Amino acid sequence: MVLETLDSSREGSKRKHANGGDAAVPCSDDDELSNGDLNTASGLSSKRARASKEMTFEDIYGAEALLNGEDEEDDSDWEPVQTPVEFVKWCCVNCTMANPGDMVHCYICGEHKESGILRHGYFASPFFKDSGLIEVEEKCGGSSATSSTAVGFDERMLLHSEFEVKAQPHPERPDRLRAIAASLATAGVFPGRCLPIHAREITKQELQMVHTSEHIDAVDITSQLLYSYFTSDTYANEYSARAARLAAGLCADLATEIFSGRVKNGFALVRPPGHHAGIKHAMGFCLHNNAAVAALVAQAAGAKKVLIVDWDVHHGNGTQEIFEQSKSVLYISLHRHEGGNFYPGTGAADEVGSNGAEGYCVNVPWSCGGVGDKDYIYAFQHVVLPIASAFSPDFVIVSAGFDAARGDPLGCCDVTPAGYSRMTQMLGDLCGGKMLVILEGGYNLRSISSSATAVIKVLLGESPENDLPIATTPSRAGLQTVLDVMNIQMKFWPSLATAYSKLLSEWETRLIENNKNQVKKENQVKRKKLVRVPKWWKYGRKKHLYKFFSARTKSRSKRC
């Protein structure tokens, strides 16, 4: 672990910051000059002083004017010192992108610079300044006392944030939870219709089921530092270790409550996320692997087989590493891959598990961005659900990253809240609905808050949004990915073979139709490119050429 810490004492730094001085920054011995350095510096400064006394830039400029016989009045516009131009900018609260100061709406997502999304969630208008007044129709669905859906949340997880103030905020920021919580509160879902789960910090013994002691200690030691970094994008401050323990503890307790039957399902509104955290490393904004902890706790409570479905736009390399040799945990991930060029680069279709557990790792690697509802639902219908049904799990965990959602600045895909709610409903039919949904990524506040609310409403028993057809037609790239995955996985899940043959014939038919359409388009282009003979040739000396080219043009148009 690479730590970038303050060499000065925490107490001194905190006092300086509290007294209204400059923010504390890393210090090193290089900041202090030795005696030799002081002598050198003084020598250099004396040389510069002598040079400045001998001739200043203004003297040089005036001397040239005298040599040229010009009067001093000609130099009245000379300005030796100019005030630097300041470019004022603001960062969008919704997507974090920087905008010029004179703009009112974000040029990336269109959010108003004073939007009320942190107070009212996605119900706040993106176009206007927060007015403080929001009216939402609430559906009757009982109280939290009789609810079968639990939600885990603790405000102490908001203290995990990047210490250094940078030009652009870190995408994994506390506002993510604030926006989702505000949406749920405005909709009357939580608090209100969901049962709250008391948060506790997970113990080291529980974490050791997933991570090495060295990794756990490396995360815990960050509580003694003002700030630190595990990787260039994975930060920690003095509150991060506790936030990670709270997140893992909530996921563990939710898994126990759901599997025991005390609640039917649940949603873990937690951060930092976890699916990139491996056995002995933190990366990708993740410190502890929350989904892995929940899976092993569920197994300790009696679940023999656990299914983990990861629909975060990034591959959950940490979760795959933890369970790639296990036949009791089936890991299915749908993510952007692009031949290994999309972060973290793992998750190819041929990564199927190892050491006797081949087939218990299923990767659906999208080959491009822009993947939307139809592709995801098509993959669910032909890969996820057939394999999950054959596996017959006792417990289902969803690593629910919402960075494949429309508008996300990192995912650049096109899944809508309707798509997420439909996938949640499809998984709810497995194992009697015993399902835990754990928040992973998602960095557009409007997208994650609307998507998370849609998912929780399905957990509460509401029907998903009905603007998606049951039978969907995927994109060409999406269909190719699904076929590739089925071709690999049917060696381990024979039930896929029949569906694969059917889809392959459909794919071939579609290719033939596409080729015909392409030929038609090319012929239309050729017709447009046919040379038209000028009519005035018909009446002049070029009448013979006119007849020749006219006849040739007609014959070519007939052939096309």
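1. Which residue caps the N-terminal end of H13? In this predicted model, the cap is Asn 444, which places a side-chain oxygen 3.1 Å from the backbone nitrogen of Arg 446. Helix H13 itself runs over residues 445–459, and its 15 residues reach 21 Å from the first C-alpha to the last, close to the 21 Å expected at 1.5 Å a residue. Just after H13, Gly 461 takes a positive phi of about 105°.

2. Turning to the aromatic residues, the structure holds 11 aromatic pairs. In one of them, Trp 311 and Phe 402, the ring centres are 6.5 Å apart and the planes stand at 50°, so this pair is tilted.

3. Tyr 360 and Trp 493 form an edge-to-face pair, with 5.6 Å from centre to centre and 70° between the planes. Because Tyr 360 lies in the loop between strands S9 and S10 and Trp 493 in the loop between helices H14 and H15, the pair ties together parts that are 133 residues apart in sequence. Trp 493 is buried, with a relative accessible area of 9%.

4. One aromatic cluster is formed by Phe 163, Tyr 227 and Tyr 229. As for charges over rings, Lys 305 lies over the face of Phe 391, at 5.4 Å from the ring centre, and the charged end of Lys 434 sits over the ring of Phe 259, 4.9 Å from its centre.

Notes
Residues are numbered from 1 along each chain as its sequence is written. This is a predicted model: local features need pLDDT of at least 70, side-chain atom pairs count only at pLDDT 80 or more; totals for chains, interfaces and linings use all residues. Side-chain values use heavy atoms; hydrogens and water are left out. Helices (H or I, at least four residues) and strands (E, at least two) are DSSP runs, numbered from the N terminus. The expected span of a helix is 1.5 Å times one less than its number of residues. A polar contact is a pair of N or O atoms within 3.5 Å; within protein, one must be able to donate a hydrogen and the other to accept it, and residues adjacent in sequence count only if both atoms are side-chain atoms. Rings of Phe, Tyr and Trp (its six-membered ring) pair if their centres lie within 6.5 Å; planes under 30 degrees apart count as stacked, over 60 as edge-to-face and the rest as tilted. Buried means under 20% relative accessible area, exposed over 50%, partly exposed in between (1.4 Å probe, protein chains only). A charge sits over a ring if NZ of Lys or CZ of Arg is within 6 Å of the ring centre and within 35 degrees of the ring normal.
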